[in-house]
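Here is a briefing on one protein chain. Look at the structure first, then work through the points by topic.

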Amino acid sequence: MIIMINGAFGVGKTTVANELLQTVSNSMLYDPEIVGFMLREIITEDIKHENEKTDNFQDLELWKVLVVHVAKQLKTKYNKNLIVPMTIYNKEYLQYILEGFKEIDEKTFHFCLIAKEETIFERLRQRGEAEGNWCYQQSRKCEEAYKDQYFEEFIETDHTSIDDIVQRIQNEVSLLNA
């Protein structure tokens, strides 16, 4: 099984993923940001393709390919359920990754955590992010992208406890796994 937890920075993905890790048996955390950090170190500005010259490692053509490839290797080698927290607002990238994950494991689920911008900004401040930094700047892109129903299933986190969010995900996964 693969459970993707999508949503803007500060919406609660990592917290939810860590809780799921405690409740989903035989699971491990797989954070595709690590793949992005690695690529950012390897693929320098002078070798990037023109369309890759952005401030987002997800625009590196290898990122989405390696995200799927690493997931496949993790599933094959360790036979664990993957819990995957990652902010993805580019629909084409999400489609590629979801399709790749479903080829690896037909029991692939996608949840998109959402919250009001004020809530997200407050959470970013609480975790020590500098006002207006890159994470803040991505919030509006996420908000706009998540109007597309492709990003469903949406879970509102403004006034929902982590336990309730985790329970809802577990219920959905159990229902669809039956």
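Helix 2 passes helix 3 in a right-handed crossing. A crossing is right-handed if the near helix is turned clockwise from the far one by less than a right angle, and left-handed if anticlockwise. Helices (H or I, at least four residues) and strands (E, at least two) are DSSP runs, numbered from the N terminus. This is a predicted model: local features need pLDDT of at least 70, side-chain atom pairs count only at pLDDT 80 or more, and totals for chains, interfaces and linings use all residues. Residues are numbered from 1 along each chain as its sequence is written, and side-chain values use heavy atoms, with hydrogens and water left out.

**Helix 2 and helix 3**

- The axes of helix 2 and helix 3 are 9 Å apart, and the two helices pack at an angle of about 135°. That makes helix 2 oblique to helix 3.
- Axes are lines fitted to C-alpha atoms, for helices over the stretch in contact, and angles run from 0 to 180 degrees between N-to-C directions. Angles under 35 degrees count as roughly parallel, over 145 as roughly antiparallel, 65 to 115 as roughly perpendicular and the rest as oblique.
- From helix 2, Val-35, Gly-36, Met-38 and Leu-39 take part. They meet Leu-62, Trp-63, Leu-66, Val-67 and Val-70 in helix 3. Contact here means heavy atoms within 4.5 Å.
- The residues of this contact of helix 2 with helix 3 divide into eight nonpolar, one polar and no charged. Ala, Val, Leu, Ile, Met, Phe, Trp, Tyr, Cys and Pro count as nonpolar, Asp, Glu, Lys and Arg as charged, and the others, Gly among them, as polar.

**Helix 3 and helix 4**

- Helix 3 covers residues 61-78 and helix 4 covers residues 91-104. Their axes come within 9 Å and cross at roughly 20°. Helix 3 and helix 4 are therefore roughly parallel to each other.
- The crossing of helix 3 and helix 4 is right-handed.
- Helix 3 brings Trp-63, Lys-64, Val-65, Val-67, Val-68, Ala-71, Lys-72 and Lys-75 to the contact. Helix 4 brings Tyr-93, Tyr-96, Ile-97, Gly-100, Phe-101 and Ile-104.
- The residues of the contact of helix 3 with helix 4 divide into ten nonpolar, one polar and three charged.

**Helix 5 and helix 6**

- The axes of helix 5 and helix 6 come within 11 Å and cross at roughly 155°. That makes helix 5 roughly antiparallel to helix 6.
- Helix 5 passes helix 6 in a right-handed crossing. Glu-117, Ile-120, Phe-121, Leu-124 and Arg-125 of helix 5 make the contact with Cys-135, Tyr-136, Ser-139, Arg-140 and Glu-143 of helix 6.
- The residues of the contact of helix 5 with helix 6 divide into five nonpolar, one polar and four charged.
- Which residues of helix 5 are buried? They are Glu-117, Thr-119, Ile-120, Phe-121 and Leu-124. Buried means under 20% relative accessible area, exposed over 50%, and partly exposed in between (1.4 Å probe, protein chains only).
- What covers the buried residues of helix 5 includes helix 6.

**The nonpolar core**

- The largest nonpolar core has 53 residues. Ile-3, Leu-20, Tyr-30, Trp-63, Phe-101 and Ile-169 touch the most other members. Such a core is a set of buried Ala, Val, Leu, Ile, Met, Phe, Trp, Tyr and Cys residues joined through side-chain atoms within 4.5 Å.
- Tyr-30 is found in the loop between strand 2 and helix 2. At 5% relative accessibility, Tyr-30 counts as buried.
- Not counting residues up to four places away in sequence, Tyr-30 touches residues including Val-35, Leu-66, Leu-82 and Phe-101.

**Backbone exceptions**

- Most residues other than glycine have a negative phi, and most peptide bonds are trans.
- Asn-26 has a positive phi of about 55° although it is not a glycine. Asn-26 is partly exposed, at 41% relative accessibility.
- Asn-79 also has a positive phi, near 50°. Asn-79 lies in the loop between helix 3 and strand 3.
- A cis peptide bond joins Glu-152 and Glu-153, with omega about 15°.
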